[in-house]
Amino acid sequence: YLGNGAYGIAAASKVYFNKDVGKLNLEECALLAALPKAPAKFDPFRHPEEARQRRDLVIGNMLELGKISEAQAREARSKPVPSKSPEPQMRDATFFVEDIRKELVEKLGHKEVYQGGLRVYTTLDPTIQRATEKAVKAGIIEIEERNTRVAAKAPLEGAAVMLDLKTGA
């Protein structure tokens with residue numbers, strides 16, 4: 001797992017750079033090589049500075065091993081890490097999507113899920129999901145602003161459940 005719903009280098013290449021893996025440059029390869037240790041901690045979308053530092057460590061290791069020149073290392077380190085997804089992708093409801101992925105792999109197998117060309121349809125409505133997340137975040141902010149002691153202890157979390165009474169979805 002390489003973060004942001006990407007399993008494997010090819011998927012991560014699409015998520016972070018919107019490129020086929022064979023078209024990645026040095027700094028992009030180094031960033032992907034940096035992710036397996038802690039994909040959430042080094043997520044360039046959420047933690048760009050940590051991602052940059054980890055990428056630069058990988059570049060330094062490549063230089064030390066003689067795989068790249070000093071000039072290549074300097075050039076690669078000068079490039080920014082991606083700060084947002086290069087293409088709109090489904091980033092909503094990550095726990096829901098991950099649960100579906102696990103269930104599919106369990107029922108159909110890894111090869112069929114990742115190489116079988118499946119189209120998966122769920123009850124998730126991205127518009128409702130985003131509106132709900134926005135409302136929950138606004139509610140949390142309001143509660144924290146009214147009671148600063150709550151915010152000082154630990155960040156609040158929230159949840160919402162939507163159910164279509166006609167279909168059970």
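I take contact to mean heavy atoms within 4.5 Å of each other, and helices to be DSSP runs of H or I with at least four residues, strands being E runs of at least two, numbered from the N terminus.

Before looking further, I noted that this is a predicted model, in which local features need pLDDT of at least 70 and side-chain atom pairs count only at pLDDT 80 or more, while totals for chains, interfaces and linings use all residues. Residues are numbered from 1 along each chain as its sequence is written, and side-chain values use heavy atoms, with hydrogens and water left out.

**Entry 1, the whole chain.** I looked up the secondary structure and found eight helices and zero strands in the protein chain, in the order α-α-α-α-α-α-α-α along the sequence. The radius of gyration, taken over C-alpha atoms, is 20 Å, well over the 15 Å that the globule rule (2.2 Å times the number of residues to the power 0.38) gives for 169 residues, so the protein chain is more spread out than a compact globule. Along its principal axes, I read a C-alpha trace spanning about 60 × 50 × 25 Å. I also looked up burial, where buried means under 20% relative accessible area with a 1.4 Å probe, protein chains only, and 25% of the 169 residues count as buried.

In helix H1 (9–17), I found Ala12, Ser13, Val15, Tyr16 and Phe17 buried, and the buried residues of H1 pack against H2. Just after H1, Asn18 takes a positive phi of about 55°. For helix H2 (residues 26–34), I listed Glu27, Glu28, Ala30, Leu31, Leu32 and Ala34 as buried, and these buried residues pack against H1, H3 and H4.

At what angle do H3 and H4 pack? I read about 175° between helix H3 (residues 48–64) and helix H4 (residues 70–77), with their axes 10 Å apart; axes are lines fitted to C-alpha atoms over the stretch in contact, and angles run from 0 to 180 degrees between N-to-C directions. That makes H3 roughly antiparallel to H4, a term used for angles over 145 degrees. Looking up the residues that meet, I found Arg55, Asp56, Ile59, Gly60 and Leu63 on the H3 side, and Glu70, Ala73, Ala76 and Arg77 on the H4 side. By class, this contact has four nonpolar, one polar and four charged residues, with Ala, Val, Leu, Ile, Met, Phe, Trp, Tyr, Cys and Pro counted as nonpolar, Asp, Glu, Lys and Arg as charged, and the others, Gly among them, as polar.

Terms used: Angles under 35 degrees count as roughly parallel, over 145 as roughly antiparallel, 65 to 115 as roughly perpendicular and the rest as oblique. Buried means under 20% relative accessible area, exposed over 50%, partly exposed in between (1.4 Å probe, protein chains only).
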